[in-house]
Amino acid sequence: MKNIISQPENSTKTLSYSPQDWAKGYLSQPNEYDYWIEDIEGEIPTELEGTLYRNGPGLLDINGQSFRHPFDGDGMISAIRFTKGTAHYCNKFVKTQGYLEEQKAGKILYRGVFGTQKAGGWLANFMDLKIKNIANTSVIYWAGKLLALWEAAQPYHLDANTLETIGIDNLEGILEPGDAFSAHPRIDPNCEWNGGEPCLVNFSIKPMLSTTITIYEISTQGKLLRKQVHSVPGFAFIHDFAITPNYCIFFQNPVQFNPIPYLLGLSGAGECINFQTEKPTKIIVIPRGKNGKIQYFEMPLGFVFHHANAYEQDDTIFVDSICYKSLSQISPNQDYRETDFSLLDPGQLWRFSLGLTTGKVERQLIESRCCEFPTLHPNYVGRPYRYLYLAAAHDAEVNAPLQAILKVDLNTNQRQLWSAAPAGFVSEPIFVPRKNAIAEDDGWVLTVVYDSQNHRSEIVILDSRDLSKGAIARLHLKHHIPYGLHGNFVSF
C-alpha cells in the first residue's frame, strides 16, 4: 500500500482502485475469531490503552442466498484491545432473535429494509411487515453497558469483554415496547443539566404523514435526564443529527415514501423512498431545554446522511455536514457490488450557518473531495473546534470508494492526506486523544483498512498531529472484516 502525504495531483483519469478489488470487501465473514495480533509493521504506542469497537454487516448472505443490500446484513462486532504495546482481536455476531432463527433455518426468513426479500416472489412477501433487528450500525459503551445499535429498534446488550450477546435492552425502562434508539447518539462532554458531567443525547423517529421525533438525554449512570417528544410536518428520513449545548439539529431530507410496492411484497421499504429534486431540505432546530420553540429553516437542494459537528456563536448555529446533491435510488435490478461511482454524486463537507434571529441559512463548501464518516476530538462535540478527520477518496476530483484519511484544519484550511490506495479501502476514522494532551489534535487516528491484495484487513494507527509520517503501525489480521459502519474507542 502507498502512503500519500500531500494531496495528489489528478493528472490522469486512471482509477486509483480496481472495482473488482473493492467488491471483494463485501464478501461475508461467517467466522468468529479470538487471537493476539502478531503480524505488526511498526510499533503500537504504549500510551494507546483501550478497546476499539467496530460494528457493521458481517454476514451478507445465508447459504449463498445474498441480502439485496449490505445494510440488510447481520451485525458483527469487532473488538481490538490495546494494552502495553500489544493488541488482541475478537469478533462475534450479535445474536439477535432474527439471526438465530435464520441460522437455524439456513435461509432468509425476514424481508430487509433495503430490498432483501424472502424466497417465493411477491406472494411470499405480501403484507409481511415483520422487521428483523439486525443491530449492525454502531456500537457504544455507556452507563456500564456495551450496546449494538440499529436505528429502527432497541439496542442489544453485549458483554464488553467477551462480546457475547446478553439480549435486547430497554435501557432500564427508558425505552418502551416498540421504541427505537438511533445508531447516532452524541455525547455532550459538559452537560449543564447534568452538573457539568457528560451525557448521552440520542433520538428516534416514527415517520408517517407527520413525523414524531423523540429526544433522550441519559446520564453516565444510565438515568433519564430529559425526554422530549415532538411532531414535525411531513415524512422524515433522518439518519443522524447534531447537538450544541442548547439545541438538537435535524436535517429533514426531501424524500417521498410510497408504501404500496412494499405492502404488496414487490420492494423493500428503502426502495420505496424517492428523492424529490424540486423540494428543499428542511432544518429542524429543537431547544434542549424546556423553554423555547422549534425553529424551521430551509436550504437549497441536498441530502445529508452524516453530520460532523455543530456549535453556537452569538445568535448563529454552525453545522458541518456531509452533503450530497441527490440521493441515488435503490434499484431492485442493481448489484451493489457493481456500483459505478462515476454515476453518483460525491459526499462533500459543507458548513451551514443558521441565523436564529434572521431565519436565514447560508452555506459554504469546506471540502470538495469525496468524503464521509467525519470524526473529531470528543471534548469538542457541540463546541467550536479546529480539526476534523474524514474517510476520503484518494483522488481529489472524482467520486470513488474511500481509500484515504483526510485531516482538515478548519482555521487555516490546510489539508493532510494519508492514502491506502491502490489496494486498500478505509473505514470510518476514530480519533483517540492522548491522555493529558493539551493540543486538540494530539492523539491517534485509528481505522480498519481492507487489504484487497491479501484479502484481509488491518488496523492502521496514524499520528493525528501529522498524517505525513505515514502509519505508525499496521496490525495485519488473519482474515478480512467486511466494510463496516460505525464504532467507538473505550479507554479500558
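# Briefing: annotated histidines, pocket, cavities and surface patch

UniProt, in an unreviewed entry, places the feature "binding site" at His184, His239, His306 and His486; UniProt positions follow the numbering used here, feature names are shortened, and annotations may be inferred rather than shown by experiment. These residues are spread over 303 residues of sequence, yet they cluster in space, with a largest C-alpha distance of 12.6 Å. Among them, His184, His306 and His486 belong to the lining of the second largest pocket.

The model is predicted: local features need pLDDT of at least 70, side-chain atom pairs count only at pLDDT 80 or more, and totals for chains, interfaces and linings use all residues. Residues are numbered from 1 along each chain as its sequence is written, and side-chain values use heavy atoms, with hydrogens and water left out.

**Second largest pocket**

- A pocket is an open set of points on a 1 Å grid over the protein atoms alone, with protein on both sides within 12 Å along at least five of seven lines; lining residues have an atom within 4 Å of a point.
- The second largest pocket has a volume of about 1200 Å³, where volume is the space filled by probe spheres set on grid points joined across faces, edges and corners.
- Its lining has 43 residues, of which Ile187, Pro378, Phe431, Asn488 and Phe489 are the closest to its centre.
- Strands (DSSP runs of E, at least two residues; helices are runs of H or I, at least four) that each supply at least two lining residues include E8 (138-142), E22 (303-313) and E35 (487-490).
- The lining divides into 23 nonpolar, 12 polar and 8 charged residues; Asp, Glu, Lys and Arg count as charged, Ala, Val, Leu, Ile, Met, Phe, Trp, Tyr, Cys and Pro as nonpolar, and the others as polar.

**Cavities**

- A cavity is a set of grid points where a 1.4 Å probe fits but cannot get out; there are 3 cavities of 30 Å³ or more.
- The largest cavity holds about 150 Å³ of space, and Val448, Ile481, Pro482, Tyr483 and Gly484 lie nearest its centre among 16 lining residues.
- The lining of the largest cavity has 9 nonpolar, 6 polar and 1 charged residues.
- The second largest cavity has a volume of about 70 Å³, and its lining includes Phe67, Asp72, Arg111 and Trp150.

**Loop position**

- His239 lies in the loop between strand E15 (224-233) and strand E16 (242-243).
- Leu266 is placed in the loop between helix H4 (260-263) and strand E19 (273-275).
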